[in-house]
Amino acid sequence: MTNLPGLYNYWIVIVLMMTGFYVVIARGNLIKKIVGLNIFQTSVFILYISMGKIDGGTAPIIVADTGGAEVVYSNPLPHVLILTAIVVGIATTALGLALIVRIKEAYGTVEEDEIFAKDEQA
Amino acid sequence: MIAAHLPALQIVIPLAAAPLCLLLRKGDLAWALSLLVSLIALAISAVLLSQVLAHGPISYELGGWAPPWGIEYRIDVLNAFVLLIVAAIGAVTIPYARRSIADELPESQLGGFYTALLLCLTGLLGVAITGDAFNLFVFLEISSLSSYVLIAMGRDRRALTAAFQYLVMGTIGATFIVIGIGLLYMATGTLNMADLGARIPALGANRTIIVAFAFLTVGATLKLALFPLHFWLPNAYAYAPSAVTAFLAATATKVSIYILLRFFYTIFGPAFQAEDLTLHSLFIPLAVIAVLVCSTVAIFQINVKRMLAYSSIAQIGYMMIGVSFDTVTGLTAGMVHLFNHAVIKGGLFMALGCIVLRVGTCQIDDLAGLGRRMPLTMFAFVLGGLSLIGVPLTAGFISKWYLVQAAIELDDWVVAAAILGGSLLAVIYVWRVVESAYLRPAPENAPDEVSEAPWSMLVPTYILIGASIYFGVETSLNVGVARAAAQFLLGGAG
């Protein structure tokens, strides 16, 4: 328990993840669902970015003159990985919003319960 | 020279062809290019499988970076088998799609359709071929995003909500998988699957690893629509264009099962499961419920496409039963069924697509009297239905035979009974279609011009239906390769 503040980032990850997940499940508005999904994904970005950080580590660029001292670098790999995941997230959001536009055109609403009601009538 | 780069070409060719389809604009040109690409992909996957069977696993270093630092494409018996299934279904679906899609989509969207289809093919092949955990996620998302687009192209407006629902569920599943991969990276510092498999046993009962295991499992089961995480599947399959349903039903869930197998056997290894969470206690109950409940739900569907979609969830239950037995016979049975079901369900959905093309719907009442009006299509459906039930001399029988054998080996009579019970339920839902098509007269007001489907759609349908009979008699490809893969997973992993 001594390192609770040290795990600050991970607490944020959990809070964001649960917030996003809750919004996805609990909200009937499709746009809010996409926003929730976005928050959910963002939490994973922070998870990856946090794990690459090393205490006292510098950016992973070779230091020309170290003066004999050892240089600690942060791990760049998780950051690069999450760049890919961010791109995937953007694509997902864009596709989700595009679908919502089409749903709005077809149904005239973006509320889940109203859409179900219209499908029941048809 | 080229031969050494086949693993990369398997992915690069469809990936590069996809945007070209969009540029070609003309539907027929895009179709011809897709057909060419899918045939090349099939040829490559066949060569890769024969190489793996002859010389053992192939490792391909992408860009010349040695694993575990670079991304490695690693092909063993298991994924060579999955590659062949995906590529073969792709090569059969695209000739079929031409007429079917031209009927369902406006000309201006055809280029986009083939782009999305090729991207989906790329993604599925990529998931199967890669030996890198994060690369697997990227390919999974390529295939998922393109399949959302493909599903949304359905004529019914409910296709849009189905695609949206699938997008939400699929993204949650994929995000769980990324979380799992991230936690594994935190604990081991590597993303290469073989390297992960070598390092994890040394860490012992590490909580990070266990949490990673949980996230990966839930993420993958969401993607493969294991009961009770299957809610996205029936609507997605029911409202997608016919060719898309046939393609996705035969490939997407199968590739997800492959992901699960990869995680369990290559990354975590059998020893991990034995200590902490056994596949057996985790999945057998869910899989048995899936078989019984979803087969029963299928009986009550009035839309035949939805009926087959529920049947798919039940069949996924069969595969999971086989996979979860954790014995060579069980794994063989699971993988044989993975292959057979891809062939059977692909064929059935294609036959249904022929009906949709001619009749316009696939409500069970609208099928009345079709046995006389579309004899070839309905005959294909009946043959596929028999195979789905598991009548002897069909591929379905072979899968059920091995599944029951695996259950009896473990003295698990309850599961054996559930497998047989599921087959009986399948008799009922297949019979409802047969009864409507052959025993009921055509409705009075039915249009007279309903005729047989065009050859370009019947031939692919019969290739798959014929294969589902062929592999019920000559089992050296499906059972032989599946057994080799099962022995490889249980013996070589860890």
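Modeller: Ala225(B) sits in the loop between H8 and H9 of chain B. Helices here are DSSP runs (H or I, at least four residues; strands are E, at least two), numbered from the N terminus. The model is predicted: local features need pLDDT of at least 70, side-chain atom pairs need pLDDT 80 or more, and totals for chains, interfaces and linings take in all residues. Residues count from 1 along each chain as written, chains are lettered from A and ligands numbered from 1 in written order, and side-chain values use heavy atoms, without hydrogens or water.

Start with the backbone. Phi of Ala225(B) is near 60°, a positive value in a residue that is not glycine. Is Ala225(B) buried or exposed? It has 0% relative accessibility and counts as buried. The cut-offs are under 20% relative accessible area for buried, over 50% for exposed and partly exposed in between, with a 1.4 Å probe and protein chains only.

The peptide bond from Phe227(B) to Pro228(B) is cis, with omega near 0°. Pro228(B) lies in the loop that joins helix H8 (207-224) to helix H9 (233-239) of chain B.

Next, look at Ala162(B). This residue belongs to helix H6 (158-188) of chain B. Ala162(B) is buried, at 1% relative accessible area. Beyond its neighbours within four places in sequence, Ala162(B) is in contact (heavy atoms within 4.5 Å) with Asn235(B), Ala236(B) and Tyr239(B). The C-alpha atom of Ala162(B) lies 8.5 Å from that of Ala240(B), 78 residues away along the chain.

Asp411(B) is in the loop between helix H16 (395-409) and helix H17 (413-439) of chain B. Which side of the cut-offs does Asp411(B) fall on, buried or exposed? At 56% relative accessibility, Asp411(B) counts as exposed.

Now the charges. A salt bridge is a side-chain nitrogen of Lys or Arg within 4 Å of a carboxyl oxygen of Asp or Glu. The whole structure has nine of them over all chains.

Take the one between Arg440(B) and Asp365(B), whose closest N and O atoms are 3.2 Å apart. This pair links distant parts of chain B, 75 residues apart: Arg440(B) is in the loop between H17 and helix H18 (455-473), and Asp365(B) is in the loop between helix H13 (328-359) and helix H14 (370-373). Arg440(B) also forms a salt bridge with Glu435(B), at 3.5 Å between the closest N and O atoms. Arg440(B) is partly exposed at 30%, Asp365(B) is partly exposed at 47%, and Glu435(B) is partly exposed at 29%.

The C-alpha trace of chain A spans about 75 × 35 × 10 Å along its principal axes. Of its 122 residues, 34% are buried. Among contacts in chain A with a separation of 6 or more, 50% join residues 24 or more positions apart.

Glu112(A) is in helix H4 and Lys33(A) in helix H2 of chain A, distant parts 79 residues apart. Glu112(A) is partly exposed at 26%, whereas Lys33(A) is buried at 8%.

Last, the interface. In it, 35 residues of chain A touch 27 residues of chain B. Buried area is the accessible area (1.4 Å probe) that two parts lose on being put together, summed over both. Between chain A and chain B it is about 2,800 Å², with 82% from carbon and sulfur atoms. Tyr48(A), Leu95(A) and Leu99(A) give 17% of the area that chain A buries against chain B, more than any other three residues. How many salt bridges join chain A and chain B? The count is one: Arg157(B) meets Asp119(A) at 4.0 Å, N to O. Helices H1 (8-26), H2 (30-52), H3 (77-107) and H4 (112-121) of chain A each supply at least two residues of the side that touches chain B. H3(A) gives the largest share of that side, 16 residues.
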